[in-house]
Amino acid sequence: MTIKLLAASAALLLMGAAPLAHAQMPTWSAEQGEVWKFVQQSWVDDVAQNGKWPAEYADPQMVTWSAEFAAPRGKDATVRWTKFQNSQGKVLQYELSPQSISLSGNTAVVTYALTIVAQRGTDKPDWGKEAIVETLVRSGGGWKFLSSTSFSLEK
């Protein structure tokens, strides 16, 4: 009886832990998938330093804010600072971990975590972890960033 009870308890514990060990990406609607694909492509272009980010992705009223800047910036300042930052170094590797995509009409709020390794010149690569919250609006049949904010997940 004790062995059966222990076996049953172990089985229940294993079944309870199984969903945590085998967690999968969220199941998104086609529209949410479209938004996430847009966010991913913005990172591809940002890392490629091809001039498309943020100019081609941003709504004219876009506002960004992160720990590096004392106050929020508009689209023009974000474009200018991105060009400057691109001249200072490059991203060696990054990974986006989506957390949520909320949709309401023509507005999407996307939250995700970023792990990034960047390097300035010949300096040792610098690892970073951030949480990012972005608001996108549907414009002309596609999506544009209206706001972006991030904060460090470092200690």
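Mentor: Start with a definition: Ala, Val, Leu, Ile, Met, Phe, Trp, Tyr, Cys and Pro count as nonpolar, Asp, Glu, Lys and Arg as charged, and the others, Gly among them, as polar. Keep in mind that the model is predicted.

Trainee: How do the residues of the lining of the largest pocket divide into nonpolar, polar and charged?

Mentor: The largest pocket has 45 lining residues, with Trp43, Glu68, Gln85, Ile116 and Glu130 nearest its centre. Helices H2 (30-48) and H3 (75-88) are among the elements giving two or more residues to that lining, and so are strands including S1 (58-65) and S5 (126-139). Sorted by class, the lining holds 17 nonpolar, 16 polar and 12 charged residues.

Trainee: How much space lies in the largest pocket?

Mentor: Rolling a probe the size of a water molecule over the atoms shows where empty space is left. For the largest pocket, the space comes to about 1,200 Å³.

Trainee: In what order do the elements of the chain run from the N terminus on?

Mentor: The chain contains 3 helices and 6 strands. Read from the N terminus, their order is α-α-β-β-α-β-β-β-β.

Trainee: Which side chain makes a polar contact with the side chain of Glu134?

Mentor: Glu134 belongs to strand S5. Glu134 is buried and has no salt bridge. A salt bridge needs the charged atoms within 4 Å, whereas Arg73, the nearest side chain of opposite charge, is 9.9 Å away. The polar contact, at 2.9 Å, is with the side chain of Ser148.

Notes: Residues are numbered from 1 along each chain as its sequence is written. This is a predicted model: local features need pLDDT of at least 70, side-chain atom pairs count only at pLDDT 80 or more; totals for chains, interfaces and linings use all residues. Side-chain values use heavy atoms; hydrogens and water are left out. On a 1 Å grid over the protein atoms alone, a cavity is a set of points where a 1.4 Å probe fits but cannot get out, and a pocket is an open set with protein on both sides within 12 Å along at least five of seven lines; lining residues have an atom within 4 Å of a point. Grid points are joined across faces, edges and corners, and a volume is the space filled by probe spheres set on the points. Helices (H or I, at least four residues) and strands (E, at least two) are DSSP runs, numbered from the N terminus. Buried means under 20% relative accessible area, exposed over 50%, partly exposed in between (1.4 Å probe, protein chains only). Lys and Arg count as positive and Asp and Glu as negative; His and the chain ends are not counted. A polar contact is a pair of N or O atoms within 3.5 Å; within protein, one must be able to donate a hydrogen and the other to accept it, and residues adjacent in sequence count only if both atoms are side-chain atoms.
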